[in-house]
Amino acid sequence: MLQVEDLHVSFKGVQALRGVSFSVEPGEILGIIGPNGAGKTSVLNCINGFYRPQRGRIIFHGKEITHLPPDARAAMGIARTFQNIALYRGMSVLDNIMSGRIHHMRSNLLACGLWFGPAQREHTAHRRVVEEIIDFLEIEEYRYHPVADLPYGIQKKVELGRALAMEPRILLLDEPMAGMSVDEKMDMARYILELKEVRGLPILLIEHDMGVVMDISDRLIAMDYGVKIAEGPPSEIQNHPAVIQAYLGEEAG
Amino acid sequence: MEFVVQSMVMGIAVGSIYALIALGFALLFKATKVLNLAHGELVLFGGYLAIALTGVLPFPLAVLGTLVIAALLGFAVERVIMRPLFGQPLLSVIIVTLALGYIIRGLMVGIWGGDTRQFPPVLPAGLIRLGGAQVPQLGIWSALTAILLLAAFGLFFKMTYLGIAMRAAANEQLTASTLGVSLTRVVAYAWAFAAIAAAIGGVLLGLWLGVNVALGFVGLKALAAVILGGLDSIPGAILGGFIVGLVENLIGGYIDAHIIYGFKDITAFLIILAVMMIRPYGLFGTEHIERL
């Protein structure tokens, strides 16, 4: 459903990606691992449209999207979260998740806030979707809190919630568990698995916690210095010599 | 006492127009991070164009036409000048707006000359008594119009898809684009709205004071209002507009009448100086804290 072919990205001579290819299959969790600077986030940035690769193609549901702007890709159902949380800090949890509904409001000029007629009905429908997500992520008690005041782990959940509110067809998660406590990581892993199993949502996941990423991914890609060095099921990647070398340095190989 | 009441009413009246002009300025800054130094010239453009159109059309249609043309000018500036400059250093872009301002001003003077031009009398003129003070009726009418329009802009940003998308993009550009907001569209509309707000300001001030090149300098007062409120705060810009209007008429007016003449027009800039020394990020602006 998502094919990435031969991506090349360089910034002023620094090659961030040098020919990365892979595909995401329907309903799978594909994990991307690799040391810092391996180019993992650059891959996500290419897929959601922040970067235009100098070479290579990205195909989503049979349509080439390599040259579409980010908003067009979002409208096609590509949702993402960020390594550094990018929420509207002054707004409440509810409003932040509601902002994920923006592109579903396009049909109606008077989107929200009018208290009568079709606009009101539409608002109610959006609110219902948002409430389901709030239930799912178990953040009911924070509904009206400004996100800036909330603990880091909760903010990460809100960001996931906003991506879900877009009703995406693929979810790109950039380190969804970074900086979380063990309990919070277990919760997040549970949500991610449930999204895959109940909704059949394909997920592309960057994560540094090897234990978690090995546990929840169906397949893994390992990257180093802008190239894919290994691909396969977690058990295989775990013992792959190139992967061990990338993490431990030259001599270990 | 009479002086105080009269200055307050005048201050609020002028302030509401400044607020409207400052709103356009702040909106554009929020959406694009560009300080539009041609904003005052867009005010001037609105005033001149509306007067010219009243020559051939009834007043309401002339105003409507002015707004449509202002919006088109905004779109054109974005498409022809700003979009190709995307990704260039911000300072270069700001200098380009300065050049744009001079070009617009030059064209206006070239076409319509340097004399003060007046609107035909469309609003009731004369003075009315208010709490013992005499206030020009025109000021009250333009203030009411400005306040009504401020409310309309407020509703627009709260209730329409475009308004919500613009706020989303103004807060976090890249994030908004991942949510499906088209940044090119938002930036184009931001220019159009800035031009419309400026043109309305030009018409309202023009109705009251007449239009000549000096009207363009009101753009700098809007800048003062916006800096006072905090560059990235739209409510701050509106409040800033009212404060500049009030201070200008109360303090500036007093000094003008009793100490030195010509002080009124510089009070706004003294406010900038004072604010920048005490709160460099403005009254409502975001305080940037950098970790080193």
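**Entry 1: helices 3 and 8, chain B**

I saw that helix 3 of chain B passes helix 8 of chain B in a right-handed crossing. I noted that this is a predicted model. Next I looked up the angle. The axes of helix 3 (residues 59-82) and helix 8 (residues 183-209) of chain B cross at roughly 140 degrees and come within 7 Å.

Then I listed the contact. Helix 3 of chain B brings residues including Leu67(B), Ala70(B), Gly74(B) and Phe75(B). Helix 8 of chain B brings, among them, Trp191(B), Ala195(B) and Ile196(B). By class, I found 18 nonpolar, 2 polar and 2 charged residues in this contact of helix 3 with helix 8 of chain B.

**Entry 2: helices 10 and 11, chain B**

I turned to helix 10 (residues 234-258) and helix 11 (residues 264-278) of chain B. Their axes lie 8 Å apart, at an angle of about 125 degrees. That makes helix 10 of chain B oblique to helix 11 of chain B. The contact includes Val247(B) and Ile251(B) from helix 10 and Ala268(B) and Ile271(B) from helix 11. I recorded 5 nonpolar, 3 polar and 3 charged residues for this contact of helix 10 with helix 11 of chain B.

**Entry 3: helix 4, chain B**

I checked the length of helix 4 (residues 90-112) of chain B. Its 23 residues should span 33 Å at 1.5 Å a residue, and its end C-alpha atoms are 33 Å apart, which agrees. Which residues of helix 4 of chain B are buried? I found Gly101(B), Ile104(B) and Met108(B). These buried residues pack against helix 2 (39-54) of chain B. Residues three or four places apart point the same way, because an α-helix has 3.6 residues a turn. After helix 4 of chain B comes Gly113(B), with a positive phi near 80 degrees.

How values were computed
Residues are numbered from 1 along each chain as its sequence is written. Chains are lettered from A and ligands numbered from 1 in the order in which they are written. This is a predicted model: local features need pLDDT of at least 70, side-chain atom pairs count only at pLDDT 80 or more; totals for chains, interfaces and linings use all residues. Axes are lines fitted to C-alpha atoms, for helices over the stretch in contact, and angles run from 0 to 180 degrees between N-to-C directions. Helices (H or I, at least four residues) and strands (E, at least two) are DSSP runs, numbered from the N terminus. Angles under 35 degrees count as roughly parallel, over 145 as roughly antiparallel, 65 to 115 as roughly perpendicular and the rest as oblique. Two residues are in contact if their C-beta atoms, placed from the backbone, lie within 7 Å. Ala, Val, Leu, Ile, Met, Phe, Trp, Tyr, Cys and Pro count as nonpolar, Asp, Glu, Lys and Arg as charged, and the others, Gly among them, as polar. The expected span of a helix is 1.5 Å times one less than its number of residues. A residue is buried if 20 or more other C-beta atoms lie within 10 Å of its own, exposed if 12 or fewer, and partly exposed in between; C-beta atoms are placed from the backbone. A crossing is left-handed if the near helix is turned anticlockwise from the far one by less than a right angle, and right-handed if clockwise.
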